[in-house]
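I opened my notebook to record a few look-ups. I wanted two single residues and then the whole chain.

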Amino acid sequence: MSEISQHELEDFIKSYQMLMASQQTLLLSTASVTGSPDISYAPFVCDPAGVFYIYISEMACHTAHLMANPHASILFIRSESETANLFARERVVLNCRVEEISRDEIIYSDSLDAMHDKFGEVVNVLRSLSDFHLFALRPETGRYVVGFGRAFKIDVNDGSLLHI
């Protein structure tokens with residue numbers, strides 16, 4: 001395995017950031033308190049500190065999972081149509097600590113306003129429904145995979161990469 005130059009590392013940092021920025025939804029992996037897994041997706045907004053906000057209904061399994069077990073993994077993955085080798089799709093996986101944001105917190109309104117700006121009027125409709133909850137997903141660890149032999153740990157504090 002060859003060494004990665006600083007210039008290459010900087011290019012990889014830009015690439016993983018662009019992959020995440022190109023997505024409007026994230027893939028969300030949760031588990032119940034008994035360990036039963038679930039995977040779904042949710043539209044999101046991200047703040048400057050790298051915290052992801054999702055607004056989801058109680059009707060979805062992952063909402064109950066997040067309320068009972070405040071941990072989740074999120075995935076951003078390059079589309080199959082943009083991938084040369086489906087066994088080595090470019091992807092970012094972030095393991096997150098999850099917190100429900102109450103309706104009386106300022107960040108609740110700010111996040112839903114950001115969602116409205118990004119997704120439009122549907123957010124105002126959802127906002128009027130009492131079964132929707134806002135969650136903050138704060139990355140604790142991360143991994144970026146570009147292809148075979150090109151995997152990195154993401155330092156979630158500064159966004160840097162460490163080749164593994």
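**Entry 1: T30**

I looked up T30 and found it in strand β1, residues 25-31. Strands here are DSSP runs of E of at least two residues, helices are runs of H or I of at least four, and both are numbered from the N terminus. I noted that this is a predicted model, where local features need pLDDT of at least 70, side-chain atom pairs count only at pLDDT 80 or more, and totals for chains, interfaces and linings use all residues. Numbering starts from 1 along each chain as its sequence is written, and side-chain values use heavy atoms, leaving out hydrogens and water.

Is T30 buried or exposed? T30 counts as buried, because its relative accessibility is 4%. (Buried means under 20% relative accessible area, exposed over 50%, partly exposed in between, with a 1.4 Å probe and protein chains only.)

Next I checked the side chain of T30. It makes a polar contact with the side chain of H65 at 3.0 Å. A polar contact is a pair of N or O atoms within 3.5 Å; within protein, one must be able to donate a hydrogen and the other to accept it, and residues adjacent in sequence count only if both atoms are side-chain atoms.

I then listed what T30 touches, leaving aside residues up to four places away in sequence: S36, P37, D38, H62, H65, L66 and A72. Contact means heavy atoms within 4.5 Å.

**Entry 2: R89**

I moved on to R89. It sits in the loop between β5 (71-77) and β6 (91-101). R89 has 17% relative accessibility, so it counts as buried.

Which backbone oxygen lies 2.8 Å from a polar atom of the R89 side chain? I found that it belongs to R78. R78 is also among the residues that R89 touches, with I77, S79, E80, T83 and V145, again not counting residues up to four places away in sequence.

**Entry 3: the whole chain**

I counted four helices and nine strands in the protein chain. From the N terminus, I read the order as α-β-β-β-β-α-β-β-α-α-β-β-β. The radius of gyration is 17 Å, close to the 15 Å of the globule rule for 164 residues, so the chain is as compact as a globular protein of that length. The radius is taken over C-alpha atoms, and the rule is 2.2 Å times the number of residues to the power 0.38.

I noted the C-alpha box along the principal axes as roughly 55 × 35 × 30 Å. Of the 164 residues, 36% count as buried. Among contacts with a separation of 6 or more, 62% join residues 24 or more positions apart.
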